[in-house]
Amino acid sequence: MNFHSNKAIYIQIADLICEKILLQIFKEEERIPSVRELAINLEVNPNTVMRTYEYLQDLEIITNKRGVGFFVSVNGLKKVTDYLKKEFTEQDLPTVFKNMQLLQITIGEIDALYQQYLKWNKKPL
Amino acid sequence: MIHFNNVSFGYTKQKPLYANIQLELKSGSVYGLLGKNGAGKSTLLKLMAGLVHPQKGLLTVCNANPMKREPDFLNQVFFIPEEIDTPNIHVLDFAAEQVPFYPRFNQTQFLDYLKELDVPMTKLNKMSFGQKKKVWIALGMASNASLIILDEPTNGLDIPSKRILRKLIASIVNEDNCIIISTHQVKDLDSLIDQIILVDNGEIIVNTDTNTIIEKIIFQHSNQQEISNSWIYHETSIAGHLFVKKREMEEDVSKLDLELFFNAGITNKIAIQELFNQKS
């Protein structure tokens, strides 16, 4: 995995897990890869993956069943949506706004483009 | 796992390299040992492995004194040197010679690793430098030793092998062993290292874990012209400034940039040491 963004690696791995839950590749109440499996797959230190899993547990996105493994929470999908929405609003949007201001793009122009986008791209879920 | 208590060392009595160093390494981690050329990285590794002896001070590795070179100590340590010297025999015969020294050696793992690393089943003198190095890496990874030392492991490795090496290292880390990697190619292995030891001029500048680093400092890019005096260290180019600064409580953590951290530690030693004083 390429860790391109300037976010800490454990957060980038958390984002990856969240995306899989959102796309329902990892489904609610199903087991997700073990710390070791994921560490080998992503070529990272298992302690980093452990940190990711602790972080996701704090957000109540995943739960740890001792001796069995980590599972997506019962209402994991909703928790992920809330978490990613917060991330988008707090981190991605300011960058977009900054560029809109710099390039003097109005919200009307953005809305037109977004409506067009919605027409061409059906919701993947 | 490893404890340096006031250890001093020099290759000659007149020119000490390390004076009274304190250093502690714990199991369950992958240590990255960073330092400039000639900073004494390999020497530090050799001290741990009992290849060179401290002039004074107490050094304990795996509850033993490496100076005594007892079999019960040596069979827990696997050292993969930077420069490799291998006899002119078949790879499997070479392995068979090494295996008796490592009671937890796993032959199945060894053969798997050779295959994954794409090492040909031939005599060692028919192999390239990189291929020989891979034989050593496969041996070390399959030794199941408690302490595995890799001195510049990615030197000479081809592109696919670096990826395999990362996977192998991730697969062997556990709570009971300790892996130490000395490297200049930080980008090859930075996602695996979770403890950093920075050495310069015979001094341990910092020994800390990567979580502490990202909690205490921020690595950022700025397009602005001006240089802030709150920066611990910065590098400037036409693209702007890359800088290191102290992280405030509410700020998001950033990704650890090992090269930037290294340069900050070397050029602004005092600021880095203030933040990461080695009490732990």
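Trainee: Which residue in strand 2 of chain B is the bridge partner of B:Val7?

Mentor: The partner is B:Ile21. The model is predicted, so local features need pLDDT of at least 70 and side-chain atom pairs count only at pLDDT 80 or more, while totals for chains, interfaces and linings use all residues. Residues are numbered from 1 along each chain as its sequence is written, and chains are lettered from A and ligands numbered from 1 in the order in which they are written.

Trainee: What makes strand 1 and strand 2 of chain B a pair?

Mentor: Pairing requires that DSSP find at least two bridges between the strands. Strand 1 of chain B and strand 2 (residues 18-25) of chain B share 5 bridges in the antiparallel sense, and they therefore meet that requirement. The strands themselves are DSSP runs of E with at least two residues, and helices are runs of H or I with at least four, numbered from the N terminus.

Trainee: Which residue in strand 4 of chain B is the bridge partner of B:Ile2?

Mentor: B:Val61 is that partner. Strand 1 (residues 2-9) and strand 4 (residues 56-61) of chain B pair in the antiparallel sense over 5 bridges.

Trainee: In which sense do strand 3 and strand 8 of chain B pair?

Mentor: Strand 3 (residues 29-34) and strand 8 (residues 195-200) of chain B pair in the parallel sense, over 4 bridges. One of the residues involved is B:Leu33, whose bridge partner in strand 8 is B:Ile197. In chain B, an open sheet of 6 strands with mixed pairing has the order 5-6-7-3-8-9.

Trainee: Why are strand 5 and strand 9 of chain B called edge strands?

Mentor: Strand 5 (77-80) and strand 9 (203-209) of chain B each pair on one side only. Neighbouring strands of this sheet are turned by 15 degrees against each other on average, direction ignored.

Trainee: Which residues of helix 1 and helix 3 of chain A make their contact?

Mentor: Helix 1 of chain A contributes A:Ile9, A:Tyr10, A:Ile13, A:Ala14 and A:Ile17, and helix 3 of chain A contributes A:Thr48, A:Val49, A:Arg51, A:Thr52, A:Tyr55 and A:Leu56. Contact means that the C-beta atoms, placed from the backbone, lie within 7 Å.

Trainee: How many residues does each chain give to the contact between chain A and chain B?

Mentor: Chain A gives 14 residues and chain B gives 16. On the side of chain A that touches chain B, helix 2 (35-42) and helix 3 (46-58) of chain A each supply at least two residues. Helix 3 of chain A gives the most, with 4 residues.

Trainee: How do you know where the domains of chain B lie?

Mentor: An automatic or database domain assignment gives the bounds: domain 1 (2-201) and domain 2 (210-275) of chain B. Their C-alpha centres lie 30 Å apart. Their contact takes 8 residues from domain 1 of chain B and 7 from domain 2 of chain B. Strand 8 of chain B gives the most to the side of domain 1 that touches domain 2, with 3 residues.

How values were computed
Two residues are in contact if their C-beta atoms, placed from the backbone, lie within 7 Å. Axes are lines fitted to C-alpha atoms, for helices over the stretch in contact, and angles run from 0 to 180 degrees between N-to-C directions.
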